[in-house]
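Reader: I am new to this structure and would like to learn how to read it. Could you walk me through some features, one at a time?

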Amino acid sequence: MVHSCNFKASIHRAQAGMGEDTRPLHSLTTHAENFALTPNGTGLSAIAPTSDGDRSGGSTPSQGKNFEFVLVTDSGSRRQVRRHAMRQYMRKRRLDSIARLDSSRLYVGGWSTRQDAGSSSPFLALEVEDAQDEEHVAVQKSTFINPKQHLTGPHKLVSNRNVWDSTAPACLEPHSKPPSLGYTPGDGVLFDPFDSFPIAIDSNDHQLIQHFVSIYPSMMYKLLDPMPKNPMMKIFQHIAMCDPVPFQAMLAIASKHRAGVEGKTESVQSLTHKMRALRLINECIQTRPDGYLDGIIYAVATMAVIEKWSKDFSVEQMHFSGLASMIRSRGGMRGLHAANKFLENIIYWVDYSCASNAIVGSSLPWTGDASDSLPQSLDFLVSDSQFHLDLSHNPSPANDPEDMYDHVCGCEDFLRFFRRLHDLEHSALNSPGGITGDFPEPQSRFGSQTKLFSILTTLPDYDHGIRDVRFIDEYSSMACLLYLNVALYDCYLNSTPFDRYLDWVHLEIQRLSPHSNPSIAAVLWLFLTNGGYPRGESGDAGERSWVVSRMLRVAKRLEWKRQGALWECLRRVLIGFLTTQQECSLGSAHINEHALAARQRKQSRSDGYFWDEDEMRRNILGLETPIITSCSAADSLNSG
């Protein structure tokens with residue numbers, strides 16, 4: 001109610017319009033509560049009383065002010081005016097709240113948000129009760145409510161999900177919200193008035209989304225690409241936004257990294273989100289025993305990353321064991337490649353950075369069958385029928401003999417790849433050929449001055465946000481070297497030029513960062529995006545990424561043997577294959593005198609093979625007595 005002493009002109013006009021009320025002026029001014037100021041957004045309008053009798057409320061706009069007064073004389077008119085004034089006041093508060101919310105809301109490109117000025121806000125629930133007494137109007141206190149649980153009818157907000165990305169694929173999973181989640185940790189108000197997120201969040205959790213798509217990739221992986229090339233943004237758009245389970249896992253890993261940035265191992269927020277993610281995963285596993293959706297697979301992989309940061313390798317191993325079972329139910333990595341290539345890339349990315357103590361099996365499931373078959377396009381892989389193991393003199397360190405057999409198969413594939421690649425290089429060096437032209441010395445595509453060489457051999461030390469996780473860069477570098485050597489193996493085998501492959505890699509690196517070196521994680525994603533093949537080639541069936549994962553698991557067993565000497569030896573061997581191909585122009589149609597001289601120098605050296613295979617088996621498998629298999633014996637005879 002607004003009290004004013006400048007009522008005389010309006011009161012006279014009101015008396016003229018209401019013939020019945022001829023009370024003196026002092027009695028009208030004494031009862032100032034009988035006048036109401038009624039804002040309506042665009043101007044001020046009068047409220048005509050609608051009480052019983054022959055009264056009619058008339059009003060004339062004030063000439064000098066943007067308001068007018070209405071004379072009311074009974075309890076019904078006063079209740080109506082007060083009710084109207086309270087509605088207008090609460091409406092103005094709601095509009096101000098929405099305006100403040102929009103000013104601080106996280107911007108996602110292309111989102112269209114509509115606001116109806118006449119619609120009620122989801123934040124405030126106001127109940128006005130009419131009192132029986134003319135002087136009593138009870139207004140309940142405004143309280144915060146959960147719009148996702150209590151709003152119905154015309155107050156239900158419409159979701160604008162995927163409006164911002166018209167090219168985005170359909171959601172991976174049905175959109176369902178567990179009613180048991182309630183509020184996420186934090187003291188802020190609900191921060192999702194348009195019902196766009198799979199679960200209810202507040203302002204503190206809303207900041208985790210910004211942390212996940214921006215701060216986390218830039219600190220942990222130095223992924224400074226624009227948003228369309230940021231895998232975290234794609235995870236948020238295409239996986240997390242489609243179901244509560246991956247969304248909760250995203251909040252868990254973001255809060256874990258945020259706690260690390262703040263110098264803490266854990267926080268109340270990170271522990272709460274982790275607990276809720278685990279609870280949702282367990283509920284989904286119980287309700288879907290025969291098949292798992294993409295969001296659940298992503299959530300389990302995310303929990304494995306969190307435990308890796310916590311250095312809890314036993315729990316990380318449990319997550320990887322469950323992840324392998326889920327992938328097997330989806331038809332293995334080959335089936336996942338056909339169904340969702342982006343999720344396949346995420347699984348390989350998580351697997352490449354897996355801690356050596358948390359490795360489960362020699363590889364991820366390829367087909368998902370009970371007796372998992374191997375990719376047919378890779379001839380160096382050892383099938384079960386090619387060798388027989390003699391473990392009579394070596395007690396198996398594994399609890400299950402089948403696990404030991406699986407590790408031995410992976411070890412043999414690893415050693416056989418290097419043996420075959422060495423033989424193919426030797427054949428290319430000894431192939432007949434002479435100088436095909438007087439060309440200047442070609443610029444090496446893998447020389448010490450190239451970006452690719454610098455990225456793979458010089459890993460900068462920087463703040464990842466999480467302590468003691470620099471090993472993920474070492475693993476990423478080893479994975480890139482394996483990708484390059486698998487491509488080199490294929491070029492030697494099919495007599496195709498490897499230079500074109502390196503040209504593609506250099507072009508993509510230049511696109512990523514024209515003036516500086518991109519991070520090792522960015523280069524790894526170049527290989528992951530098309531399965532280790534150049535962009536546009538149709539040969540990718542997922543087998544290269546799978547075999548890189550298989551060999552990297554074996555290589556991790558050498559990481560701390562002999563104080564890291566075997567790990568460095570493996571890096572030198574992989575780099576040596578690439579530099580030899582470039583210096584000697586192996587597989588190239590054009591050979592100049594410089595390349596011919598390099599070939600002659602290479603042939604004159606009698607360094608022999610670069611390691612003792614029996615010793616490597618002992619280091620990889622952790623066995624005292626070397627295992628002699630029919631497969632390795634046959635390969636040794638062929639190479640000799």
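Author: Gladly! Keep in mind that this is a predicted model. Let us begin with a salt bridge: the side chains of Glu 613 and Arg 419 meet in one, at 2.4 Å from N to O.

Reader: Where in the chain do Glu 613 and Arg 419 lie?

Author: In distant parts of the chain, 194 residues apart. Glu 613 belongs to helix α21 (residues 613-621), while Arg 419 belongs to helix α13 (residues 401-429).

Reader: Are Glu 613 and Arg 419 buried or exposed?

Author: Both Glu 613 and Arg 419 are buried.

Reader: How many salt bridges does a search of the whole structure find?

Author: The search finds 21. Another is formed by Arg 470 and Asp 461, whose closest N and O atoms are 3.8 Å apart. Salt bridges can also share partners: Glu 412, Arg 419, Glu 613, Asp 614 and Arg 617 are joined into one network in this way.

Reader: Why does Arg 470 count as partly exposed?

Author: The general idea is to look at relative accessible area: under 20% is buried, over 50% is exposed, and partly exposed is in between. Arg 470 counts as partly exposed because its relative accessibility is 29%.

Reader: Which buried residue has no salt bridge?

Author: Glu 344 is such a case: the nearest side chain of opposite charge, Lys 341, is 5.9 Å away. A salt bridge needs a nitrogen within 4 Å of a carboxyl oxygen. Glu 344 lies in helix α12 (residues 341-352). Beyond its neighbours within four places in sequence, Glu 344 is in contact with Met 333, Leu 336, His 337 and Gly 542.

Reader: And how do I read two helices packed together? At what angle do α15 and α17 pack?

Author: Look at the angle and the distance between axes. Helix α15 (residues 471-494) and helix α17 (residues 520-529) pack at about 35°, with axes 9 Å apart. Their crossing is left-handed. Among the residues making the contact are Tyr 483 and Leu 484 of α15, and Phe 527 and Leu 528 of α17. The contact residues divide into nine nonpolar, two polar and one charged.

Definitions and conventions:
Residues are numbered from 1 along each chain as its sequence is written. This is a predicted model: local features need pLDDT of at least 70, side-chain atom pairs count only at pLDDT 80 or more; totals for chains, interfaces and linings use all residues. Side-chain values use heavy atoms; hydrogens and water are left out. Axes are lines fitted to C-alpha atoms, for helices over the stretch in contact, and angles run from 0 to 180 degrees between N-to-C directions. Helices (H or I, at least four residues) and strands (E, at least two) are DSSP runs, numbered from the N terminus. A crossing is left-handed if the near helix is turned anticlockwise from the far one by less than a right angle, and right-handed if clockwise. Contact means heavy atoms within 4.5 Å. Ala, Val, Leu, Ile, Met, Phe, Trp, Tyr, Cys and Pro count as nonpolar, Asp, Glu, Lys and Arg as charged, and the others, Gly among them, as polar. Buried means under 20% relative accessible area, exposed over 50%, partly exposed in between (1.4 Å probe, protein chains only). Lys and Arg count as positive and Asp and Glu as negative; His and the chain ends are not counted.
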